[in-house]
Amino acid sequence: MEQYVIKGGNPLNGEVEIGGAKNAALAILAAAIMTDETVTIENLPNVRDINVLLQAIAEIGAMVDRIDAHTVKINGSFIKDVTVDNEFIRRIRASYYLIGALLGKYKKAEVALPGGCDIGSRPIDLHIKGFRAMGAEVDIAHGLVIAEAEKLNGTHIYLDKVSVGATINIMMAASMAEGKTVIENAAKEPHVVDVANFLNSMGANIRGAGTDVIRIVGVEKLHKTEYSVIPDQIEAGTFMFAAAAAGGDVLVKDVIPKHLEATTAKLVEAGCKVEEFDDAVRIISDGKLHHTQVTTLPYPGFPTDMQPQMAVILGIAEGTSTVTESIFENRFKYLDELARMGANVKVEGKDNNLLELIAADPAFNMTLEQLEACMDPARYTGRSEIQVTAFLKDVVQPILDANKELLGVKADISV
Ligand code: UD1
């Protein structure tokens, strides 16, 4: 088994560049097959889910030309099959975007039920409700979501719960429906806006993305485009938390500071200094952190995907902090790991969604391992180093190579 042996306890000083947003990129890759012309997508993050989705898109016949680790050209004119199913696609969440994309373009889709991180029941009833409202018949059989329509009609859809996935999926299908679709109580996350911008650059007619009412007028055809994915707010926020935990002075570059406002606000409450520039944020921390309260909420609230990282820093803050998870019912599973490292945690609340202090989420293996290593391991374990298993070697290794100094880690890989 591969392992990194990371020696922590050093402050972080330096600069780090942030890559493209995984969750925006996944939806954009799926939407790229909706035209028969060639689409070029830049600033892709080089992570497993992206590669699995590209593989699935290639398997149904689309041309996928990987120019380099961060750029791909896709041509959907060669698609022969609307059935997407393999062992790997079943493990990722974003496979559901292929339902909206294929249904919109071909009026038919058969896609494996989504997998993804084990953070709750994660239903897709709202996606299905949206497709049905547009006139599609949707069934679930043999582990596949089977959706079919003679034609898709624009309609009025109210989402009972704010859902990023349902908003984007419905937006994709509605882009090629007949007439106007209105999505109410839509998600406002930056990646919803990014996918809308991408679709509009292909000739779609979407207005209001970023607000809670999105209006889409369907078009018959979409066309080629070149598009660069927005920066990943979660990756950026994770480095900010790393600097907060270890202490130091870090410039996080290539970000959209507005997307980081909730994260920034909480770090300031916890005693850090954060400076905002046009496309960078600088975080300065003396490593002495105050307790605070955090509740995860849909954007512009505090992101659930930053909850474990926030909990990590609150675990070393003075006093008692609380973290309330309001999006997913099962997102404190990582606590056992942190408790093993000595964190003092207690989960309470009617739905077990209130955490007094800390944590490591499987979804964030890479970033949390780094975070943990940045802290003084002796404080947690009484040992001077922590051994962590590297599940994401391709991602972790370049980051460690580039940031050894910055992260204050020493990485040895033994296979
Ligand atoms: C996406 C992100 C994930 C992030 C989450 C919230 C991807 C691939 N994943 O997940 O990283 O944590 O947004 O920002 O982009 N819900 C329903 N019915 C549905 C859909 C959702 O009840 O049909 C519920 C969910 O169980 C959850 C809430 O709505 O409680 C929000 O989920 P949603 O925003 O859809 O998350 P995902 O798209 O799964």
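This is a predicted model: local features need pLDDT of at least 70, side-chain atom pairs count only at pLDDT 80 or more; totals for chains, interfaces and linings use all residues.
Which residues in helix 5 meet which residues in helix 6?

Residues are numbered from 1 along each chain as its sequence is written.

First, the chain as a whole. The protein chain has 13 helices and 23 strands; these are DSSP runs numbered from the N terminus, helices being H or I with at least four residues and strands E with at least two. Of its 415 residues, 49% are buried. Buried here means 20 or more other C-beta atoms within 10 Å of the residue's own, exposed means 12 or fewer, and partly exposed is in between, with C-beta atoms placed from the backbone. Two residues are in contact if those C-beta atoms, placed from the backbone, lie within 7 Å. Among contacts in the protein chain with a separation of 6 or more, 70% are between residues 24 or more positions apart.

Now back to the helix pair. In helix 5 (164-175), the residues are Val164, Thr167, Ile168, Met171, Met172 and Ser175, and they meet His191, Val192, Val195, Ala196 and Leu199 in helix 6. The axes of helix 5 and helix 6, the latter being residues 190-201, come within 10 Å and cross at roughly 10 degrees. Axes are lines fitted to C-alpha atoms, for helices over the stretch in contact, and angles run from 0 to 180 degrees between N-to-C directions. Helix 5 is therefore roughly parallel to helix 6, the label for angles under 35 degrees; over 145 is roughly antiparallel, 65 to 115 roughly perpendicular and the rest oblique. The contact of helix 5 with helix 6 contains eight nonpolar, three polar and no charged residues. For these classes, Ala, Val, Leu, Ile, Met, Phe, Trp, Tyr, Cys and Pro count as nonpolar, Asp, Glu, Lys and Arg as charged, and the others, Gly among them, as polar.

Next, the cores. A nonpolar core is a set of buried Ala, Val, Leu, Ile, Met, Phe, Trp, Tyr and Cys residues joined through C-beta atoms within 7 Å. The largest one has 76 residues, of which Ile28, Ala31, Met171 and Val195 touch the most other members. Helix 1 gives the most to this core, with nine residues. Apart from it lies another core, of 34 residues, including Ala246, Leu260, Ala262 and Val281. Not counting residues up to four places away in sequence, methionine 171 touches Ile183, Val195, Ala196, Ile206, Ile214 and Ile216.

What surrounds the ligand? There are 21 residues around the ligand, the closest being Asn23, Leu126, Ser163, Val164 and Gly165. By class, the shell divides into 10 nonpolar, six polar and five charged residues. Helix 1 (22-32), helix 4 (125-133) and helix 5 each supply at least two residues of that shell.

On to helix 8, residues 261-269, where the buried residues are Ala262, Thr263, Thr264, Lys266 and Leu267. They pack against helix 7 (233-246), strand 16 (273-276), strand 17 (280-285), strand 18 (293-295) and helix 9 (307-315). Just after helix 8, glycine 271 takes a positive phi of about 105 degrees.

Arginine 215 lies in strand 13, residues 213-217. Arginine 215 is partly exposed because 17 other C-beta atoms lie within 10 Å. Leaving out residues up to four places away in sequence, arginine 215 touches Lys180, Val182, Arg207 and Gly208. Threonine 295 is in strand 18.

Last, some backbone details. The peptide bond from tyrosine 299 to proline 300 is cis, with omega near 10 degrees, and proline 300 sits in the loop between strand 18 and helix 9. Asparagine 43 is not a glycine, yet has a positive phi of about 65 degrees; asparagine 43 is found in the loop between strand 3 (38-42) and helix 2 (48-59). Aspartate 254, also not a glycine, has a positive phi of about 60 degrees and lies in the loop between strand 15 (248-253) and helix 8.

Conventions. A residue is near a molecule or strand if its C-beta atom, placed from the backbone, lies within 6 Å of it.
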